[in-house]
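Dear colleague,

Please read the two side by side.

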Amino acid sequence: MKEIQLPPELSKNLSDIYAAMESGYDRVAGEISLTCEGCRDNCCDSYFQHHTYSEWAYLWEGIRTLDAGRLNRITDRAKQYVAESRALLAAGERPQLMCPLNEDGLCALYPHRLMICRMHGVPATMTRPDGRQLRFPGCFHCQEIVKEKYEQETDAPGMDRTELFKRLADLENELLGGKRHLFPRVRRTIADMIVAGPPRVAEPFCAR
Ligand code: SF4
Ligand code: SF4
């Protein structure tokens, strides 16, 4: 098995994409007046799976900067998360468990958090490659604000994710040597990624 690492230029490209996500988020959140300050929820307990080797490798760039004590604590929580989430899924329930990277309400790897952590909250739109238009209403707090402020939900501004997703897909394809379709699909929570270690694939899949 060979580890997939982001070469420095792709790591920089990914951090640029993340920065664009953040500024798009901030613009829409500002227009709606959405802020996480004082929110009674903490969406770090939402169940999300992530789908790219690029983000997995980028997360591990951050994990490698943690000191041993912190990493051990996070790994223990991640193992517990994986066991509990599997049991809940097997019982037909959607897990609602705190992300193992959340420490005292704050993200222990904020600069390395994944795409969905940067975009969850504000309303968003996306045009799929087949032309289908999607709209996401935002978090529950955002939906409350939108209901108060706008006549219809679709009157609220939305962050267009299309271009950002395309940039991430292009980066992923570049990382995988243009053979993305040949690699095993990634469907992992952050806890899964921590427990599994950095992304590794069998030698025949190695791209770079
Ligand atoms: S994204 Fe929404 S639900 Fe999550 S903390 Fe912020 S305001 Fe609250
Ligand atoms: S990575 Fe950080 S921001 Fe994302 S869910 Fe975990 S603790 Fe929250």
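**Aromatic rings and their partners**

Arginine 118 lies over the face of tyrosine 18, at 3.8 Å from the ring centre, where a charge sits over a ring if NZ of Lys or CZ of Arg is within 6 Å of the ring centre and within 35 degrees of the ring normal. Likewise, the charged end of arginine 161 is placed over the ring of phenylalanine 136, 4.5 Å from its centre.

This is a predicted model, in which local features need pLDDT of at least 70 and side-chain atom pairs count only at pLDDT 80 or more, while totals for chains, interfaces and linings use all residues. Side-chain values use heavy atoms, with hydrogens and water left out, and residues are numbered from 1 along each chain as its sequence is written.

Rings of Phe, Tyr and Trp (its six-membered ring) pair if their centres lie within 6.5 Å, with planes under 30 degrees apart counting as stacked, over 60 as edge-to-face and the rest as tilted; by this rule there are 3 aromatic pairs. One of them joins tyrosine 18 and tyrosine 58 edge-to-face, at 5.3 Å centre to centre and 70 degrees between the planes. Tyrosine 18 lies in helix 1 (residues 8-32) and tyrosine 58 in helix 2 (residues 53-63), so the pair ties together parts that are 40 residues apart in sequence; helices are DSSP runs (H or I, at least four residues), numbered from the N terminus.

The ring centres of tyrosine 53 and phenylalanine 183 are 5.9 Å apart and their planes are at 70 degrees, so this pair is edge-to-face. Ring pairs link Tyr53, Trp56 and Phe183 into a cluster.

Best regards

Terms used:
Chains are lettered from A and ligands numbered from 1 in the order in which they are written. Helices (H or I, at least four residues) and strands (E, at least two) are DSSP runs, numbered from the N terminus.
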